[in-house]
Structures are given as C-alpha cells and as structure tokens.
Amino acid sequence: MTVDIGMKDLEEYIENIKIGENGYAFILTGTGKFVAYKDKEMNLKDDIRKSADAKLASLGSTIMESSGQTLVKTDTFGQEAFVMAAPIGKSGMRLVLVAPTADYMGPIKSAVMVSIVMSIIVIVLLCAALLYIFNSRIGAPITHLIEKAREISEGHLNTEIELEHDDEIGELASSMKKMSDEIKKIIGEKTTGEVGNISQQINDQQQSQRDVTSASQSLADLAQDLQKIIGHFKL
C-alpha cells in the first residue's frame, strides 16, 4: 500500500511545526536537498553537503552520514541553536529540527538572575539584622561602659553603672562597678585617716600649749615666792 502526499502539502505541514518561539523544522531528502526550508529558493535545489557555507556543508555531512538520530549545538543557521536530525522511516529522508538556545536559556537565565537578586536581598537583610543585634548586644553596652569609665577617670566616683547582661560584657560592667566602689572606699579611708591625724595633731598642740601655760604659771608662782623670801630677808 502506498500513499501519495503532495509536496506542497508536505511543505505546509513542516512549515507549521514550531519549536519554542523561534524554532522551526525542515526535511532533507535522501540526496541531501532541502524540503520546506525557510529559504524557499533552496528547496529541492541545493544539496546541503555542497553548500558554499562550510559550516552548513559540514553539518549536512554529519546529518546525512548518520544512521540514527543526531544532536549538535551549532550557530550554522545564524544563531546558536540545538539541531536534531532523525531519519524518516526507510525513505532516506531526514527530519531536522532547529531550536535556538535563546528560547530555552533565556528563561533559565532569568530564573538565575531572579535567584541572584533574591539571594542578595536576603544577604543584605541578614547583614542588617546582624548589625542591629551586634549594636544592641555589644556596640551600645561597650559605648555605655566607655562613657562611665571616662566619668570615673574625671573623678565622678558616684557614677552609677547600670548594665545587666548575662555575658562577658555583664562581667565587665560588674568589674567596673566593683572597681569604682573600691576606689571610693580607699579614698574614704584615706580621708578619714587624714582627718584623724589632723585632729590628733591639734590635740597634741593644744596639750603642748596647756603644758607651756602650766609651766609658765609655775614659774610665775615660783618668782612670786622668791620675791617674798627676798623681801623678808631685807626686812
């Protein structure tokens, strides 16, 4: 049983095959001539293996010499594309499909770009969150302790250090508070001791003055007694 298909009908059928957005199909006869090719001037006239275009001739030889399916990536047809050729039964003809990579790589690249942008946004938000946590947990407390340490160094020993942290910063704040208390204690003891020494010196001076006064009074009494004795002898 045989079936006759008009060449025009075959060409229309092949021309209606769309691969992606810009892909197309054509047929190579057993002798390598084009059928339903996009350049209609070449249909049933030019042999792909004898094309003036070296790349096209090389691709045609690869397709015609293969006994099975052929898949290559090439820019022979003006843009980078995947070209697949498969034999049509035992007719010797080859069905060739041309699928531009841009139709497939474009969405992939877009997806990759979206992923990259989303990753950058996530990284920026993560960095902002980490910066906020660092500033609230470490930066601000350290700044507070530096200010308090400066006040203590300027002599403001009544400076209150109010910082509650269950970590190394909390331990540092506690140590600074203890240091401030110890400094106040030492200064208080020294001041009390100096006041005590001054009071003792005043008491000693007052006692010495009393002793001098007493000695002077004794000498005055002795002088009066001597005058009385001398006056008695004169009489």
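Buried means under 20% relative accessible area, exposed means over 50%, and partly exposed lies in between (1.4 Å probe, protein chains only). By that cut-off Phe 77 is buried, with a relative accessible area of 12%. This is a predicted model, in which local features need pLDDT of at least 70, side-chain atom pairs count only at pLDDT 80 or more, and totals for chains, interfaces and linings use all residues. Residues are numbered from 1 along each chain as its sequence is written, and side-chain values use heavy atoms, with hydrogens and water left out.

**Aromatic pairs**

- The structure holds 6 aromatic pairs. Rings of Phe, Tyr and Trp (its six-membered ring) pair if their centres lie within 6.5 Å; planes under 30 degrees apart count as stacked, over 60 as edge-to-face and the rest as tilted.
- Phe 26 and Phe 77 pair edge-to-face, because their ring centres are 5.9 Å apart and their planes stand at 65°.
- Phe 26 sits in strand S1 (residues 24–28) and Phe 77 in the loop between strand S3 (70–74) and strand S4 (81–87), so this pair ties together parts that are 51 residues apart in sequence. Helices (H or I, at least four residues) and strands (E, at least two) are DSSP runs, numbered from the N terminus.
- Phe 26 is buried, at a relative accessible area of 0%.
- Phe 77 also forms an aromatic pair with Tyr 37. That pair is tilted, with 6.4 Å centre to centre and 55° between the planes.
- Tyr 37 lies in the loop between strand S2 (34–35) and helix H2 (54–65), and Phe 77 in the loop between S3 and S4, so the pair ties together parts that are 40 residues apart in sequence.
- Tyr 37 counts as buried, with 7% relative accessibility.
- Ring pairs join Tyr 24, Phe 26, Phe 34, Tyr 37 and Phe 77 into a cluster.

**Nonpolar cores**

- The largest nonpolar core has 17 residues. Such a core is a set of buried Ala, Val, Leu, Ile, Met, Phe, Trp, Tyr and Cys residues joined through side-chain atoms within 4.5 Å.
- Phe 26, Leu 28, Phe 34, Tyr 37, Phe 77, Val 96 and Val 98 touch the most other members of this core.
- At least two residues of this core come from each of S1, H2, S4 and strand S5 (94–100). H2 supplies the largest share, 4 residues.
- Tyr 37 touches Tyr 24, Phe 26, Met 42, Asn 43 and Phe 77, not counting residues up to four places away in sequence. Contact means heavy atoms within 4.5 Å.
- A second, separate core has 5 residues, including Ile 14, Ala 25, Val 35 and Ala 36.

**Salt bridges**

- The structure holds 3 salt bridges. Each needs a side-chain nitrogen of Lys or Arg within 4 Å of a carboxyl oxygen of Asp or Glu.
- Arg 49 and Asp 47 meet through their side chains at 3.5 Å, N to O. Arg 49 is partly exposed at 36% relative accessible area, whereas Asp 47 is buried at 15%.
- Lys 55 bridges to Asp 75, with the closest N and O atoms 3.2 Å apart. Lys 55 lies in helix H2 and Asp 75 in the loop between S3 and S4, so the pair ties together parts that are 20 residues apart in sequence.
- Lys 55 counts as partly exposed at 46% relative accessibility, and Asp 75 counts as partly exposed at 40%.
- Glu 80 bridges to Lys 73, with the closest N and O atoms 3.8 Å apart. Glu 80 is partly exposed, at 43% relative accessibility.
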